[in-house]
Amino acid sequence: MGCIRRDGKKKIPVLKWKYRGFLYITLLFTAALSLLNTRNNVFPFSIGILIYVIAACSLTFTCFYIVSDIKLFKCKVQEIAMPVIVKNHFTERLATNYRYRTVTFATTGLLMNLAFAVFNSVVGIKSQSAWYITLSVYYTLLSIMRYWAVNYERRISKAEQNKKLILMELAVYRNCSILFLVMTAALGGMVILTLRSQGGRHYPGYTIYAFALYAFIKVPLAIAGRIKAGKMKSPLLMTIQSIGYADACVAILSLQTAMLSSFGQGNLEDRVVELMNAGTGAFMCLMVLGMGIYGIYWALKQKKEMGDGGMSND
């Protein structure tokens with residue numbers, strides 16, 4: 001596993017540590033101001049919106065740079081821990097085989113999604129909450145897709161011919177992309193319920209900050225995984241990483257509604273809360289819908305090109 005790129009390609013501009021540190025400090029500062037304003041409404045409306053925009057932009061850029069910093073830290077840890085890791089076959093394979101590691105973590109994600117689906121279903125039925133029932137449907141669809149991916153990996157491992165392997169991967173990628181279209185409807189339902197004040201999570205006490213940290217870490221990792229899987233041209237890995245991306249989308253939406261419910265009640269105007277939820281919800285829906293449409297198109301395109309004599313490298 002190489003820790004240094006040797007092809008000379010850069011996806012984002014390189015920042016010195018002092019500028020990167022300034023970016024991280026800006027994010028923390030504006031995030032703190034955003035929470036303060038949401039809770040106590042200390043700034044005028046226009047200043048508050050400006051702070052939210054700066055915080056959102058800082059978060060966007062931070063997501064890219066923090067991934068590279070995490071990778072650098074991971075490389076340093078690997079250099080120290082690798083002599084111990086290689087002594088065990090499972091840990092060695094987990095550390096050195098990206099495909100095996102991705103599928104293994106997908107299995108863990110499957111169990112978590114099933115647990116969330118059951119939990120939200122029980123809460124939704126007991127409280128007669130359409131929000132939790134819709135959330136249960138969303139996590140159920142995520143569970144189905146992760147199960148398909150893990151199950152196909154077991155079947156793919158038995159495929160003898162490379163072309164058959166790719167065709168099986170394309171099949172699961174196409175099927176999961178179709179489910180992304182269905183998930184868009186479920187996610188859209190969650191957004192509508194939120195705008196009608198019929199939805200939203202409520203995290204007790206300071207646990208909301210733990211969930212916020214979890215969501216903010218999950219998003220950049222999901223983006224980095226999706227990009228890496230796309231470079232490897234493996235439909236199965238692209239499927240698994242896309243599922244993680246969709247999972248991150250609902251985590252962000254749930255977190256925002258929870259934070260606005262916890263800190264914004266009585267402090268923000270209803271139209272501001274509605275605008276923020278509508279904007280975030282619409283953006284998440286478009287991303288999931290886009291993944292579904294692109295996935296179907298790409299899978300059909302690759303299958304057609306294979307039939308014409310080979311798989312494209314585009």
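In which helix is isoleucine 66 placed? In this predicted model, isoleucine 66 belongs to helix α2. Its relative accessible area is 33%, so isoleucine 66 is classed as partly exposed, the class between the limits of 20% and 50%.

Ile66 is one of the members of a nonpolar surface patch that also includes Ile70, Leu213, Ile217 and Leu221. Together these residues have about 410 Å² of accessible area. At least two residues of the patch come from each of α2 (45–85) and α7 (207–232). Helix α7 provides the largest share, with three residues.

Three aromatic pairs are present in the structure. In one of them, phenylalanine 116 and tyrosine 139 are arranged in a tilted geometry, with 5.2 Å centre to centre and 50° between the planes. Phenylalanine 116 is located in helix α4 (residues 98–127) and tyrosine 139 in helix α5 (residues 130–156); the pair therefore ties together parts that are 23 residues apart in sequence. The two partners fall into separate accessibility classes: phenylalanine 116 is partly exposed, at 32% relative accessibility, whereas tyrosine 139 is buried, at 4%.

Tyrosine 139 also forms an aromatic pair with tyrosine 138. This pair is edge-to-face, at 6.4 Å centre to centre and 90° between the planes. Tyrosine 138 has a relative accessibility of 0% and therefore counts as buried, the limit for this class being under 20%. Through these ring pairs, Phe116, Tyr138 and Tyr139 are linked into a cluster.

How values were computed:
Residues are numbered from 1 along each chain as its sequence is written. This is a predicted model: local features need pLDDT of at least 70, side-chain atom pairs count only at pLDDT 80 or more; totals for chains, interfaces and linings use all residues. Side-chain values use heavy atoms; hydrogens and water are left out. Patches are made of residues with over 30% relative accessible area and no salt bridge: like charges are joined within 9 Å, nonpolar side chains (Val, Leu, Ile, Met, Phe, Trp, Tyr) within 5 Å. Accessible areas come from the Shrake-Rupley method with a 1.4 Å probe; for residues, only the protein chains shown count as cover. A salt bridge is a side-chain nitrogen of Lys or Arg within 4 Å of a carboxyl oxygen of Asp or Glu. Helices (H or I, at least four residues) and strands (E, at least two) are DSSP runs, numbered from the N terminus. Buried means under 20% relative accessible area, exposed over 50%, partly exposed in between (1.4 Å probe, protein chains only). Rings of Phe, Tyr and Trp (its six-membered ring) pair if their centres lie within 6.5 Å; planes under 30 degrees apart count as stacked, over 60 as edge-to-face and the rest as tilted.
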